[in-house]
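Thank you all for making time this morning.

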Amino acid sequence: MMHMWFWFGSNLGDFLLPGYNVVTTSSFFCTCLGLIALAILYEGMKILQIKLLQNATMLIRKQTPRTSENSSLLSKMSSKSIGTQLSLHCIYWSTWSFQVLHWSVHTFLGYLLMLAVMTYNVYINIALVLGGCLGYWIFGPKLIELNLKEFYKRQNILDCDKECADNAINYEGQGSTVSVVTEQLITEATIEVHMPVDV
């Protein structure tokens, strides 16, 4: 029987899957414990998603190293660097595939928990809220720490952008911001080309 309001009781009948009958108190209790575990797992998977995203970002940075034009042309010619690029490419795609798989499982689990809530059973809802609270209590500090690290990284980038903008504004009457940045890049490239090989 489909309820459209909150109700108390342990007889759920077919629960989420056909053939999974929850009619006794013991099966209802085990179902609630399973839902608590799934809610904890759902919270823990959020941390894994951030870690996978950080790994993918690091791999992308490794694939596109900052080198000069001359050294990049020379490195493209060596078979060792081609092998390294191919292995990094394979690692990137395997990491990305795992990230997509993880996202799919996490999304499926979220919808499964939502369907459990939609039974409108008070005990099921209490079990899910309890599981979510336990999951956040266990994994919340690490999640906050990871989010703060990402925030500080972005803040450092913004601070650098502000400093660069201040330098461009203080550069009096010598052209636009683009020309200032271009001049800095040309100077760096010139220094890199004329630098001795031993250094």
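Read along the sequence, the pattern of this predicted model is β-β-α-α-α-α-α, that is to say, five helices and two strands. Of the 199 residues of the protein, 26% count as buried, and the accessible surface comes to about 14,700 Å², with 69% of that area belonging to carbon and sulfur atoms. If we look at the contacts with a separation of 6 or more, we find that residues 24 or more positions apart account for 74% of them.

Let me turn now to the interior. In soluble globular proteins, nonpolar side chains tend to be buried together. In this model the largest nonpolar core has 16 residues, and the ones that touch the most other members are Leu-12, Phe-15, Phe-28, Leu-35, Ala-116, Ile-124 and Leu-128. Which elements give two or more residues to this core? They are α1, α3 and α4, and the largest share, six residues, comes from α1.

Next, the aromatic rings. A pair of aromatic rings is described by the distance of the centres and the angle of the planes. The structure holds five aromatic pairs, and one of them joins Phe-8 to Tyr-123, edge-to-face, with 5.5 Å from centre to centre and 70° between the planes. Phe-8 lies in the segment before β1, whereas Tyr-123 belongs to helix α4, residues 122–170, so this pair ties together parts that are 115 residues apart in sequence.

Tyr-123 also pairs with Phe-28, and here the ring centres are 6.0 Å apart and the planes stand at 80°, so this pair, too, is edge-to-face. Phe-28 sits in helix α1, residues 25–63, while Tyr-123 is in helix α4, which makes this a link between distant parts of the chain, 95 residues apart. Taken together, ring pairs link Phe-8, Phe-28 and Tyr-123 into a cluster.

Tyr-123, at 38% relative accessibility, counts as partly exposed, and Phe-8, at 59%, counts as exposed.

My last stop is Ser-94, which lies in helix α3, residues 79–117, and counts as partly exposed at 44% relative accessibility. How far apart in space are Ser-94 and Ala-56, C-alpha to C-alpha? The distance is 9.9 Å, although Ser-94 and Ala-56 are 38 residues apart in sequence. I am happy to go back to any of these residues on the screen.

Note on methods. Residues numbered from 1 in each chain as written. Heavy atoms only, no water. Phe/Tyr/Trp six-rings, centres within 6.5 Å; stacked < 30°, edge-to-face > 60°. Helix = DSSP H or I, 4+ residues; strand = E, 2+ residues; numbered from the N terminus. Buried < 20%, exposed > 50% of the residue type's maximum accessible area, 1.4 Å probe, protein only. Core = buried A, V, L, I, M, F, W, Y, C linked by side-chain atoms within 4.5 Å. Contact = heavy atoms within 4.5 Å. Areas by Shrake-Rupley, 256 points an atom, 1.4 Å probe, with all protein chains shown as cover.
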